[in-house]
Amino acid sequence: MKTGLRQTGIEGGKAKAERSADLRKTTRPRWSLPMLLYEALYQVSVKTKLFDDPIFSLYKYMFSPNQLIFLTRCLAETRDIPGCCVEVGCSKGRTTAFLRKFMDENGIAKDYYAIDTFSGFVAEHVNHEVEHRDKDRNLATYFSLNKRKWFDYSLQISGIESVRSVEIDATKFDFDRIAPISFALLDVDLYIPMTDVLPKVYHNLSTGGVILVDDCAEDQKWDGSFAAYTEFVARNGLKREIVLEKLGIIRK
Ligand SMILES: C[S@@+](CC[C@H](N)C(=O)[O-])C[C@H]1O[C@@H](n2cnc3c(N)ncnc32)[C@H](O)[C@@H]1O
């Protein structure tokens with residue numbers, strides 16, 4: 001029987017325990033204190049589920065594989081369009097890291113701006129969702145456990161150095177400062193910030209550039225984005241194009 005395969009039900013409990021003990025004796029390297037602590041954390045979590053999300057959860061992207069691939073296609077399509085890339089609402093930086101690595105791997109040498117409050121939603125934007133859009137007040141807690149220095153540190157230890165993080169309420173950010181823009185991913189979820197940011201980004205978008213608006217889907221917590229997108233394309237006579245369940249596209 002091959003070692004390393006799951007053998008539940010094939011081998012008796014005692015024999016299995018003996019084999020595991022033998023294996024540990026023969027294969028365990030000399031572990032440092034941090035490694036032992038790490039192992040303890042894993043063991044504790046398996047029993048208590050306490051750290052399951054940070055330790056064991058494997059897929060932490062907020063986009064599906066097809067959506068991520070689509071984002072990379074848009075980056076590749078706009079590689080020769082003048083301008084920077086901007087992600088408005090970047091949270092912990094997972095998509096930022098993925099897209100920036102894709103750019104580096106493919107020689108897309110553009111500035112990448114990552115804009116966020118790094119402390120979640122702005123109170124008055126949440127109030128609007130609660131008072132006028134029938135949403136739950138606990139929205140206020142989402143994404144609030146974050147810090148810009150954690151974001152920068154995460155990118156740094158992932159070997160990514162060329163992202164410019166900006167800590168600000170995006171509605172207060174001067175997008176003229178980073179113009180022109182060739183690629184924008186707008187992911188701020190709520191109606192007010194999306195409504196505010198969309199025209200500013202579009203104004204600075206190069207011809208041939210693309211804006212992707214996340215959460216363009218009905219009947220969900222984040223449909224403020226969808227409302228803002230729908231209104232913006234209608235008001236400006238632009239094509240309404242939503243792909244892969246929730247990605248609203250705006251081209252110039
Ligand atoms: C869904 S998360 C972004 C996810 C990220 N794009 C990713 O793919 O991992 C939404 C982010 O928008 C940020 N955000 C919401 N309102 C904002 C505002 N007015 N200004 C700046 N950031 C904002 C939140 O702090 C949160 O980190």
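# Notebook: helices, sheet and ligand shell

I began with helix 8 (residues 191–203), which lies across strand 1 (84–88), strand 4 (181–186), strand 5 (205–213) and strand 7 (247–251) and runs at about 170° to strand 4. For the names I kept to the DSSP runs, numbered from the N terminus, where a helix is H or I with at least four residues and a strand is E with at least two. Axes here are lines fitted to C-alpha atoms, for helices over the stretch in contact, and angles run from 0 to 180 degrees between N-to-C directions.

I noted that this is a predicted model, in which local features need pLDDT of at least 70 and side-chain atom pairs count only at pLDDT 80 or more, while totals for chains, interfaces and linings use all residues. Residues are numbered from 1 along each chain as its sequence is written.

**Helix 6 against helix 8**

I then looked up the packing of helix 6 (123–132), and found that helix 6 and helix 8 pack at an angle of about 115° with their axes 8 Å apart. From helix 6, His125, His128 and Glu129 meet Tyr191, Ile192 and Pro193 of helix 8, where contact requires C-beta atoms, placed from the backbone, within 7 Å. I sorted the residues of this contact into 3 nonpolar, 2 polar and 1 charged, counting Ala, Val, Leu, Ile, Met, Phe, Trp, Tyr, Cys and Pro as nonpolar, Asp, Glu, Lys and Arg as charged, and the others, Gly among them, as polar.

Next I traced the open sheet, which has 7 strands in the order 3-2-1-4-5-7-6 with mixed pairing; two strands pair if DSSP finds at least two bridges between them. Strand 3 (163–167) and strand 6 (241–243) stand at the edges with a single partner strand each, so one side of each has no neighbour in the sheet. On average, and with direction ignored, neighbouring strands of this sheet are turned by 20° against each other.

Strand 1 and strand 2 run parallel and are joined by 4 bridges, with Tyr113 in strand 2 as the bridge partner of Val86. Strand 2 and strand 3 also run parallel, joined by 5 bridges, and there Tyr113 has Arg164 in strand 3 as its bridge partner. Because 5 of the 5 residues of strand 2 are buried, I wrote this strand down as largely enclosed by the rest of the structure. A residue is buried if 20 or more other C-beta atoms, placed from the backbone, lie within 10 Å of its own, exposed if 12 or fewer, and partly exposed in between. Tyr112, Ala114 and Asp116 point one way from strand 2, whereas Tyr113 and Ile115 point the other way.

**The ligand shell**

I counted 22 residues around the ligand, the closest being Gly89, Ser91, Thr95, Phe143 and Ala170; a residue is near a molecule if its C-beta atom, placed from the backbone, lies within 6 Å of it. By class, the shell residues divide into 9 nonpolar, 7 polar and 6 charged.

**Backbone points in the loops**

Most residues other than glycine have a negative phi, and most peptide bonds are trans. I therefore marked Phe118, which has a positive phi of about 55° although it is not a glycine, against that general rule. Phe118 sits in the loop between strand 2 and helix 6 and counts as buried, with 23 C-beta neighbours inside 10 Å. Asp215 has a positive phi as well, near 70°; its place is the loop between strand 5 and helix 9 (223–235), and with 25 C-beta neighbours inside 10 Å it counts as buried. The peptide bond from Ala179 to Pro180 is cis, with omega near -5°, and Pro180 lies in the loop between strand 3 and strand 4.

**Distances and domains**

I looked up Gly237 in the loop between helix 9 and strand 6, and it is exposed, with 6 other C-beta atoms within 10 Å. From Gly237 to Ala17 the C-alpha distance is 69 Å, and the two are 220 residues apart in sequence. Finally, the domain assignment, automatic or from a database, gives domain 1 (13–56) and domain 2 (65–251), whose C-alpha centres lie 40 Å apart.

Methods: Two residues are in contact if their C-beta atoms, placed from the backbone, lie within 7 Å.
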